[in-house]
Amino acid sequence: MTGFYSLMIRSAPVNLSARASAIGESATLRVTRRAAELRAQGVAVVDLGAGEPDFSSPPVAVEAARRALAEGFTRYTPGSGLPALRTAVADSYRRHHGAPWQAADSVITVGGKTALFELALAVFDHGQEVVLPSPYWVTFPEQIRFAGARPVMVPTCGEDGFQIHAGPLIEAVTERTRAILVNSPCNPTGGVISAPDLRQLVAFAAGRGLLVIADETYERFVYGGPHASAAALAAEFPDTVVLVGSFSKTYAMTGWRIGYLLGPAPVVKAVENIQSHATSNPTSFAMVGALEALLHAEPEVEEMLAEYRARREMLVPLLNDIPGFRCRPPEGAFYAFPDVSACFRPGRADSIALAEYLLEEAGVATVPGAAFGAAAHLRLSFACSRATLAEGLERIAAALAR
Ligand SMILES: Cc1ncc(COP(=O)(O)O)c(C=O)c1O
């Protein structure tokens, strides 16, 4: 296209919706993008920013998906996902936690993120509030606001390992509250909720007609004791518990984009309806791979978990050796979340400036705590090899000593 028309088209104003104007790029994805830009310029970036396992997806999953593709399993599936996968997911929570859920109580989604997004659209209304612990995963407040509701952050405390306590969450509930959102283990802090606190919270919510949304994406990544799953309370409080899970982290299957949601029938139905107009089904052959992973990849999962544990043991002392860094071992997930405020200086005076300094000067990608509502902290992922961790920390220490 040339001349008059192309000029006219280029100069036409682009009007975004108020919704889109209010939403920013995910801070974690922004770091990944900037790190990729530097790599493209030839900089050898050490990536401690990405919340993405460095392992290959389980071979059984890859082989099953490959076979499904070769056999032409490439058409639409039922919108809520493959019946066999829904059954296997529900079975798994029944077997491990005594949950009452059947296949019909589940929806398979395009990653856990889409489950949370569709859920927000299904259950939050304008003027309502959603109570959640802070620091929080960057996506939660954005999704809550996108759905028209207001996130109400309740601080957790680094001194006790960012444990999630029922009391302060309950105190933040008002007549406008619609749900309490608990992400245990937590991204970015690794903080967890204990089984008694979770019970107290769910029982309280049930008495008030609220939902407890349990994002258990990191359910397998616990270092101090068994994971307290909201699924264990679903039989007693079937109208209260909504559980979101994912294949991304447990099975190193981030790119496959398979997650799920389980919960009360009206919530599941509403999410199914929204999904039917949004994504339709998740990718057919990816679901075949996810099913195979769930049924047959436990040995690989155990192996990966042992390695995460070893990385955590290596990383935390190294972090505490860096002057100005203070880090407790995370209870769960695969992130260290040190308080780094003691090394703020002019030019790197807050977590954002410090993370930029480390990326530009040391070639190490981290995520500023400010993105998660914790300006004194940095998030470093240990979903990377021990050699990468050692190299990254060496570079950080050297850059901060300058
Ligand atoms: C706390 C939390 N919930 C949910 C997700 C969603 O993961 P996915 O959409 O890959 O299943 C993530 C991913 O980083 C996460 O950290």
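## Nonpolar core

A nonpolar core is a set of buried Ala, Val, Leu, Ile, Met, Phe, Trp, Tyr and Cys residues joined through C-beta atoms within 7 Å. In this predicted model, the largest such core has 118 residues. Leu119, Val212, Ala230, Leu261 and Ala290 have the most contacts inside it.

Helix 11, residues 284-296, gives this core its largest share, eight residues. The core draws on both domains: at least three residues come from domain 1 and at least three from domain 2.

## Around Leu261

Which residues does Leu261 touch, leaving out those up to four places away in sequence? Ser106, Val107, Thr109, Ala115 and Leu119 are among them. Val242, Leu243, Val244 and Val271 complete the list.

## Domain layout

The domain assignment gives two domains. Domain 1 is made of two segments, 24-56 and 299-401. Domain 2 covers 71-296. Their centres, taken over C-alpha atoms, are 26 Å apart.

## Domain contact

Where the domains meet, 30 residues of domain 1 are in contact with 27 residues of domain 2. On the domain 1 side, two elements give two or more residues: helix 3 (27-40) and helix 12 (298-320). Helix 12 provides the largest share, six residues.

What is the make-up of this side by class? It has 16 nonpolar residues, with seven polar and seven charged.

Terms used: Residues are numbered from 1 along each chain as its sequence is written. This is a predicted model: local features need pLDDT of at least 70, side-chain atom pairs count only at pLDDT 80 or more; totals for chains, interfaces and linings use all residues. Domain bounds come from an automatic or database domain assignment. Two residues are in contact if their C-beta atoms, placed from the backbone, lie within 7 Å. Helices (H or I, at least four residues) and strands (E, at least two) are DSSP runs, numbered from the N terminus. Ala, Val, Leu, Ile, Met, Phe, Trp, Tyr, Cys and Pro count as nonpolar, Asp, Glu, Lys and Arg as charged, and the others, Gly among them, as polar. A residue is buried if 20 or more other C-beta atoms lie within 10 Å of its own, exposed if 12 or fewer, and partly exposed in between; C-beta atoms are placed from the backbone.
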